[in-house]
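Me: Please take a close look at one part of this model for me. I would like the charged side-chain contacts, with some context around them.

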Amino acid sequence: MWLAFGHQEIILDALRQCPRLTGLALGENPLARGARDASSGSLGKWLGDKLMACTPKLQKLGLGDTGLNDDDLKELGKCFNPSPSLKVLGLSSNKDVRRQGVEALLKALERERGREPHPLHTLILSKCSLEAGDAAALRDLAPRGLEIKM
């Protein structure tokens, strides 16, 4: 069964029962389908406000091929403060993720640098809509210690 954006409360109810969860793979589910029209806002906002809040020990989050876009990444960047444990974020195969969205996400990590450093050390962006010249620019923008895999 695919998990669409409308299944968000089912997902959250299940995750609340797993307070020690350290890895979550939601890939290949059309989570963003309908998210732009939902009253709760974008998928990135839902991930930041709800999902990350109920999984405080989450270290690995796989969101490959979920329909994320640049606006979702901007919202997702806002959730890094309440998620101090996230180390690996997989965003591969999201065709609407471009340089602009990744830059917004990286800038959110940069803001964290003024505080205690964020533990995110791996960002996976393979098969997103990034051009050849984007790799070097994004790596230059990334905080020290963050590996970007394209």
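**Salt bridges and their surroundings**

Reply: Arg98 is partly exposed, because its relative accessibility is 40%. Keep in mind that this is a predicted model. The side chain of Arg98 meets that of Asp96 in a salt bridge, at 3.8 Å from N to O. Asp96 is partly exposed too, since its relative accessibility is 39%.

The count of salt bridges comes to five. The pair of Arg98 and Asp96 is one of them.

Next comes helix 4, which covers residues 99-112. Arg99 and Glu103 both sit in helix 4. Four residues separate them, about one turn of the helix. Their side chains form a salt bridge with an N to O distance of 2.8 Å. Arg99 has a relative accessible area of 32%, so it counts as partly exposed. Asp134 comes in here as well: salt bridges with shared partners link Arg99, Glu103 and Asp134 into one network.

Ala104 also has its place in helix 4. Its relative accessibility is 21%, so Ala104 counts as partly exposed. The cut-off matters here, because buried means under 20%. Ala104 lies 28 residues from Leu76 in sequence. In space, the two C-alpha atoms are 9.3 Å apart.

Asp71 is partly exposed, because its relative accessible area is 48%. Lys74 is partly exposed as well, because its relative accessibility is 32%.

Five strands make up an open sheet, in the order 1-2-3-4-5, with parallel pairing. Strand 1 (23-25) and strand 5 (147-149) are the edge strands, each pairing on one side only. From one strand to the next, the twist averages 5°.

Strand 3 spans residues 88-90, and strand 4 spans residues 122-124. The two run parallel and are joined by three bridges. Within this pairing, Gly90 stands opposite Ile124 of strand 4. Strands of a sheet pair through backbone hydrogen bonds.

Asp134 belongs to one network with Arg99 and Glu103.

Conventions:
Residues numbered from 1 in each chain as written. Predicted model: local features only at pLDDT ≥ 70, side-chain atom pairs only at ≥ 80, totals over all residues. Heavy atoms only, no water. Pairing = 2+ DSSP bridges. Axes fitted to C-alpha atoms, helices over the stretch in contact; angles between N-to-C directions. Buried < 20%, exposed > 50% of the residue type's maximum accessible area, 1.4 Å probe, protein only. Salt bridge = Lys/Arg side-chain N within 4 Å of Asp/Glu carboxyl O.
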